[in-house]
Amino acid sequence: MTGRRVVLVGGHESRQGRCLPLAEGSGELRVCGAGRDLHAAVRAGGPVVAVPMTLGRDPDLPRLAAQTLRWASRDRPPGEVLLAEPLGTVRHLVGWIRGVLARALRGAPPDRAALLVAPAAGPEPDAELFKVARLVWQHAPVRRVEVALLGGEPDVDEGVDRCLRLGADGVVLVPASFVPAPQRPGVRTAGPLLGPAALAALIRARAAEAELRWERHGDDGTAATGHGHHHDHADRRRDPPVPAATNLKGAASHVR
């Protein structure tokens, strides 16, 4: 991938890239939204690989990125502009949240509640977050797992109140996106889901997969259909393992 620039395409899970940990102070990466900014990044010239920075709750992001890349690269040599697979899937997101909870609640009594926090994005992605909460709760060492939406309903204060009214003796706020969970008096805040090193490793993996796919199959990733079909299988081969449910209670604590 020598000489190929990496462009991170942000959506609602990162506030169009503004909340990505690598967005500041990185000379190797450019962060942008899926529309005009991505078009400008491609038109700047040179080989490019774009990585859709979704954790699984923004299925439209890869499609929008593909549309922009096809238009922006219409007069470029084949293979000069590549679209990588999305950074993560809902399966990854569930595992990352469980890992954060394990670190945050090590040694804590089991009557705590977890409140997953992410920006409101619309009926379908918001509903997906409630599904994620149910999957996280299935093996998490907590009394309940609830959802709060930044800029939506229920908001964080409503979510904390609901957890306490349902019998939790404490609440931990957990980010379910790249946007940090807010601080509240008397409430613990955990996170982030991925540290800079882990995030950088995943980005490199996605970019390398896109390069290999082009070299082997002549597929630049921007086709209108089929993108992401093989992603879940690739996850299991290459990505760092997500925490297993049986190992939740053995992780170290990292709560700010």
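# Close-up views of a predicted chain

**View 1. Surroundings of the R76 side chain.** The side chains of R76 and E80 are joined by a polar contact of 2.5 Å (a polar contact is a pair of N or O atoms within 3.5 Å; within protein, one must be able to donate a hydrogen and the other to accept it, and residues adjacent in sequence count only if both atoms are side-chain atoms). The model is predicted: local features need pLDDT of at least 70, side-chain atom pairs count only at pLDDT 80 or more, and totals for chains, interfaces and linings use all residues. Residues are numbered from 1 along each chain as its sequence is written, and side-chain values use heavy atoms, with hydrogens and water left out. A polar atom of the R76 side chain also lies 2.7 Å from the backbone oxygen of G46. R76 is placed in the loop between α2 and β4 (81-83); helices (H or I, at least four residues) and strands (E, at least two) are DSSP runs, numbered from the N terminus. With a relative accessible area of 16%, R76 is buried (buried means under 20% relative accessible area, exposed over 50%, partly exposed in between; 1.4 Å probe, protein chains only). Leaving aside residues up to four places away in sequence, R76 touches V42, R43, G45, G46 and V81, where contact means heavy atoms within 4.5 Å.

**View 2. Packing of helices α1 and α2.** Two packed helices are described by the angle between their axes and the distance between the axes. For α1 (residues 36-43) and α2 (residues 60-72), the angle is about 40° and the axes are 9 Å apart. Axes are lines fitted to C-alpha atoms, for helices over the stretch in contact, and angles run from 0 to 180 degrees between N-to-C directions. The two helices, α1 and α2, are therefore oblique to each other; angles under 35 degrees count as roughly parallel, over 145 as roughly antiparallel, 65 to 115 as roughly perpendicular and the rest as oblique. On the α1 side, L38, H39, V42 and R43 take part, and they meet A65, T68, L69, W71 and A72 of α2.

**View 3. T222 in the loop between α6 and α7.** T222 is in the loop between α6 and α7 (231-238). At 7% relative accessibility, this residue counts as buried. The side chains of T222 and D220 make a polar contact of 2.9 Å. Not counting residues up to four places away in sequence, T222 touches A66, L69, R70 and L83.

**View 4. The buried face of helix α5.** Helix α5 spans residues 156-165, and V156, G159, V160 and C163 in it are buried. Seen down the axis of α5, these buried residues fall within an arc of 100°, so they line one face of the helix; the arc is that of the directions from the helix axis to the C-beta atoms. An α-helix has 3.6 residues a turn, so residues three or four places apart point the same way. The buried residues of α5 pack against the strands β5 (112-119), β6 (144-150) and β7 (170-175).

**View 5. The two ends of helix α5.** At the start of α5, a side-chain oxygen of D155 comes to within 3.3 Å of the backbone nitrogen of D157. P154 is in the loop between β6 and α5, and the peptide bond from E153 to P154 is cis, with omega near -5°. After α5 comes G167, whose phi is positive, near 105°.

View 6. V187 lies in the loop between β7 and β8 and counts as buried at 14% relative accessibility. V187 and V160 are 27 residues apart in sequence, and their C-alpha atoms are 8.4 Å apart. V187 touches V160, V171 and L173, again not counting residues up to four places away in sequence.

**View 7. R15 and Q16 in the loop between β1 and β2.** R15 lies in the loop between β1 (5-9) and β2 (29-32), and Q16 is found in the loop between β1 and β2. Phi of R15 is positive, near 55°, in a residue other than glycine. Q16, not a glycine, has a positive phi of about 60°. R15 counts as partly exposed at 31% relative accessibility, and Q16 as partly exposed at 41%.
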